[in-house]
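Open the model and keep the residue list at hand.

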Amino acid sequence: MQTDPATLRRAIAASAIGNATEWFDYGIYSYGVTYISAALFPGNTEEAVLFALATFAISFLVRPLGGIFWGPLGDRLGRKSVLAITIVVMSGATFCVGLLPSYASVGFWAPLLLIVLRMIQGFSTGGEYGGAATFMAEYAPDEKRGFCGSFLEFGTLAGFSLGALLMLGFSLLLGEAAMHDWGWRIPFLVAGPLGAVGVYLRSHMEDTPVFLEEHEKAERISHGLPYLMANYWRPMLVMGGMVIALNVVNYTLLSYMPTYLQRRLGLTADEALVVPILGMLFMMLLLPMTGALSDRIGRKPLWWFSLIGLFIGVVPLYMLMGMGLSGAVIGFMVLGLLYVPQLATISATFPALFPTPVRFAGFAISYNVATSIFGGTAPAIGSGLISATGDPLMPAYYMMAACAVGAVALHFMKETAGQPLSDAPPIKGAKPVEEDYVI
């Protein structure tokens, strides 16, 4: 069933706005961590920053719970309904961070409330990304799924860049004193309008044709996690291994980099923000082209290029970043160039690993379990490894290990480019969906 161009554009926008809101939150938190830690946590600067990074990681611990809850619900009720709810909860939690009282005012209630809000945000995100990628993939034409899906990750970098630019802009406009006092709160409040736009876009879309066609076949029952583990453990393992590579690189490169450049390499606060912003804008230009390329030559060749390139190049590029501002800009851009083939193809690759009746759940659970353990913890692990060893290259070694895991998983994935989202999972040995089971 071919989607008309206007509907396809609305589907892309409706999917990407949620991803942009999610990563806007990560951007303002990561780039404002020094202000957040000073306002909401006790202790000296080093201790407070470590607490703030740990709180960032805590939100990822509940993401699998969100995937287990929202995924089967999205397969039963539809992608659109769940996505409308998750963006409200997600943007609302981010908005409320901007309203939190300081540690000086309420003591330990400040970090405790922040932890609660981060957990709410993580729980909603557990359904947001898998749902948005599924929604995008099911609307996209088979021959253009890579190109269309790349705009979901365009939203990722757009949201992250917007958050970073707001933090940088207010820092330059208001100065350090005002930012520490109240200025850091403003970007968090922007999440409210972003969420409202997302709800509007999603409420004016029909559910995906693929889901509606499947839903009309018969009454079905969702068997949830036990059913997925029994019948789809192979694609879940393959996806989990690839997500380890994807998100260790992602969160080390995007979330941790400003802190790393400032605290470990000695760049100023503004320079540490400028470097990733320039790199992300560069990556945004490459995403649609790379997505379109994956439609022509396949997803696997691009993933192999990315994994091998990062494994070989990450240590020299980290050493280059340690040589000053210019080296940091060049090093980050080359790392981004090597990472883009993974990022651009997520929304085309991962949904195709699962058949329609369990696609949302399979994606959401696999993605969020791997992300919670290896992705969101990457900034804290990178910082902790450096503190333990004194070696500023430890985040690069961690990325190399993750890429090796991803390469093993990629070996077991069959090519999906140009193939319809049929009920035959492209993993050898995975069982087909039984015709009599119910959602």
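Start at Ala132, which touches Ser15, Leu83, Leu152 and Arg202, leaving out residues up to four places away in sequence. Contact here means heavy atoms within 4.5 Å. This is a predicted model: local features need pLDDT of at least 70, side-chain atom pairs count only at pLDDT 80 or more, and totals for chains, interfaces and linings use all residues. Residues are numbered from 1 along each chain as its sequence is written, and side-chain values use heavy atoms, with hydrogens and water left out.

Ala132 sits in helix H7. Helices are DSSP runs (H or I, at least four residues), numbered from the N terminus. Ala132 has a relative accessible area of 0%, so it is buried. Buried means under 20% relative accessible area, exposed over 50%, and partly exposed in between, with a 1.4 Å probe and protein chains only. Now look back along the chain to Val116. Ala132 and Val116 are 16 residues apart in sequence, and their C-alpha atoms are separated by 24 Å.

Gln121 also belongs to helix H7, which covers residues 109–139. Is Gln121 buried or exposed? Gln121 counts as buried because its relative accessible area is 0%. Set aside its neighbours within four places in sequence, and Gln121 is in contact with Glu22, Asp25, Tyr26, Met90, Ala93 and Thr94.

Next comes the nonpolar packing. In soluble globular proteins, nonpolar side chains tend to be buried together. A nonpolar core is a set of buried Ala, Val, Leu, Ile, Met, Phe, Trp, Tyr and Cys residues joined through side-chain atoms within 4.5 Å. The largest such core has 122 residues, and Leu40, Trp184, Tyr318 and Phe350 have the most contacts inside it. Helix H13 (residues 233–255) gives the most to this core, with 13 residues. Phe350 touches Met239, Met242, Val243, Leu246, Trp303, Phe363 and Tyr367, not counting residues up to four places away in sequence.

Turn to the cysteines. A disulfide is a pair of cysteine sulfur atoms within 2.5 Å, and a search of the whole structure finds zero. Cys403 has 2% relative accessibility, so it counts as buried. Cys96 is at 34% and therefore counts as partly exposed.

On a 1 Å grid over the protein atoms alone, a cavity is a set of points where a 1.4 Å probe fits but cannot get out; a pocket is an open set with protein on both sides within 12 Å along at least five of seven lines; lining residues have an atom within 4 Å of a point. Points are joined across faces, edges and corners, and a volume is the space filled by probe spheres set on them.

There are four cavities of 30 Å³ or more. The largest cavity has a volume of about 110 Å³. Its lining has 14 residues, with Tyr31, Thr34, Gln262, Ala269 and Leu273 nearest its centre. Helices H1 (5–31), H2 (33–40), H8 (145–183), H14 (257–264) and H15 (269–297) each supply at least two residues of that lining.

The second largest pocket has a volume of about 240 Å³. Met236, Leu237, Gly240, Ser366 and Val369 lie nearest its centre, among 14 lining residues. H13 supplies the largest share of this lining, six residues.
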